[in-house]
Amino acid sequence: MKIIVVGCGKVGRTLAEQLCREDHEVVVIDTNPERIQSVSDDLDVMGVNGNGSSIGVLSEAGIEDTDILISVTGSDELNLLCCLIAKKVSQCQTIARVRNPVYHKELHFIKKSLGISMIINPELTSAMEISRILRFPSAIKLDTFSKGRVELLKFKAMPEFHLDGLSVMEMVEKFKSDILVCGVERGEEVFIPSGSFVLKDNDLVSIIASPENSAMFFRKIGVHTHQVRSAMIVGGGTLGYYLAGLLLKMHIKVSIIDANKSRCEELSELLPEATIICGDGTDKKLLMEEGLEGAEAFVTLTNMDEENILLGLFAKRISKAKLVTKVNRLAFDEIIGGLDLGSVIYPKYVTANYILRYVRAMGNSLGSNVETLYQILDNRAEALEFAVKEPSDVTGTTLSDLQLKDNLLIACINRGGAVHIPRGQDTIQVGDTVIVVTTVKGLKDLKDILKKCDRRLP
């Protein structure tokens with residue numbers, strides 16, 4: 001597909017990288033010529049310097065034959081205007097990033113009135129991801145498939161779980177759990193494990209299972225599976241506001257620390273059920289006085305990555321709280337990943353991945369059958385959900401007889417709402433949805449899981 005990305009900030013650049021990786025024709029527009037030059041030098045994209053709301057600039061970018069326009073500039077109003085003009089001069093789908101809470105209750109009206117295909121709010125999307133994690137605090141990351149019937153969870157293998165030295169097959173047999181280990185991160189290495197793969201303490205292990213089976217597995221290895229009862233949030237910005245609202249609806253006690261007095265007064269009116277503390281969130285004495293030692297969750301959402309990281313490390317040392325750390329800059333993510341900061345949330349990745357899922361879903365109508373897509377294992381692998389709409393080389397044949405590509409795992413089959421972790425003698429049938437985990441990027445059809453030389457002729 002041909003896709004125009006307006007805005008080459010962190011989200012725009014991340015999107016351009018991922019879309020190029022999937023072999024889309026990408027054009028980027030930005031008013032900053034240095035950004036355009038940098039992206040054009042690093043990626044196989046066409047760069048256009050100018051304002052994305054200008055018909056002339058859009059025409060130069062080729063709006064007439066574009067499939068999707070994505071506007072992710074720093075201005076909500078400019079993003080909406082870019083989408084509105086694009087719809088007037090072409091038949092393309094449009095996606096706008098809109099962040100201001102003022103528009104939150106009006107998004108449905110705006111979307112319908114302006115004909116925008118999708119509106120993404122990075123702070124609200126990130127807040128929803130954090131709330132899912134706090135619902136299941138033992139998980140570092142939690143994603144859902146099949147309308148919540150299947151969960152993909154990442155957790156750290158701690159010594160008290162007694163998983164060290166067990167092969168994947170031995171672990172499943174020992175705990176008699178219907179789960180599938182679909183990925184392991186060990187230092188800088190990433191594995192799509194076979195049954196003989198041996199786990200070690202401190203591995204980051206990703207599993208796929210139904211919510212019931214994942215909860216049962218965690219209980220058997222001695223992990224707390226109930227949602228937290230209290231959360232301390234440092235940073236009362238938009239993300240903190242959205243998160244507090246979601247947590248209060250989950251009946252979680254919330255306290256927010258922010259240094260801005262007027263913002264604290266505003267939050268007190270917006271969130272009367274929350275405890276709002278006006279003070280410096282990096283003040284150790286204040287944190288201790290407000291009960292950090294006994295908090296079940298500690299979420300750092302300030303605008304400074306350094307503060308968030310240091311606060312997370314401090315909380316790790318003096319409490320048993322579930323940690324969630326927000327990081328904006330992506331340049332040092334491999335270093336941050338080596339720190340014990342609990343769940344690290346990158347709003348830019350969250351936003352880009354959310355948009356990428358929509359692009360994949362649109363590709364569904366253009367020949368792809370990907371229903372859901374998640375970037376996993378530190379963005380070095382993908383978990384994809386395919387809808388099986390017609391007979392093909394992969395249907396009706398036992399999984400053990402399929403010649404699958406390397407580093408690829410069939411993780412789950414959903415048949416009529418019944419979730420099943422597949423074994424070698426299982427088959428894929430028309431009407432199923434199938435979850436595949438792989439380091440092979442850009443799969444568009446379930447048939448792409450097969451080695452080309454082994455496909456049978458139709």
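Mentor: Two strands pair if DSSP finds at least two bridges between them. Helices (H or I, at least four residues) and strands (E, at least two) are DSSP runs, numbered from the N terminus. This is a predicted model, in which local features need pLDDT of at least 70 and side-chain atom pairs count only at pLDDT 80 or more, while totals for chains, interfaces and linings use all residues. Residues are numbered from 1 along each chain as its sequence is written, and side-chain values use heavy atoms, with hydrogens and water left out.

Trainee: How many bridges join strand E13 to strand E14?

Mentor: Strand E13 (residues 253–258) and strand E14 (residues 275–278) run parallel and are joined by four bridges. Within this pair, Asp258 stands opposite Cys278 in E14.

Trainee: What is the order of strands in the open sheet of six?

Mentor: The order is E3-E2-E1-E4-E5-E6, with parallel pairing. Strand E3 (46–49) and strand E6 (118–120) are the edge strands, each pairing on one side only. Four bridges link strand E2 (residues 25–30) with E3, and Ile29 stands opposite Val48 in E3.

Trainee: How many disulfides are counted?

Mentor: A disulfide is a pair of cysteine sulfur atoms within 2.5 Å. By this rule the count is zero. Cys82 is in no disulfide, as its nearest cysteine sulfur, that of Cys83, is 6.8 Å away.
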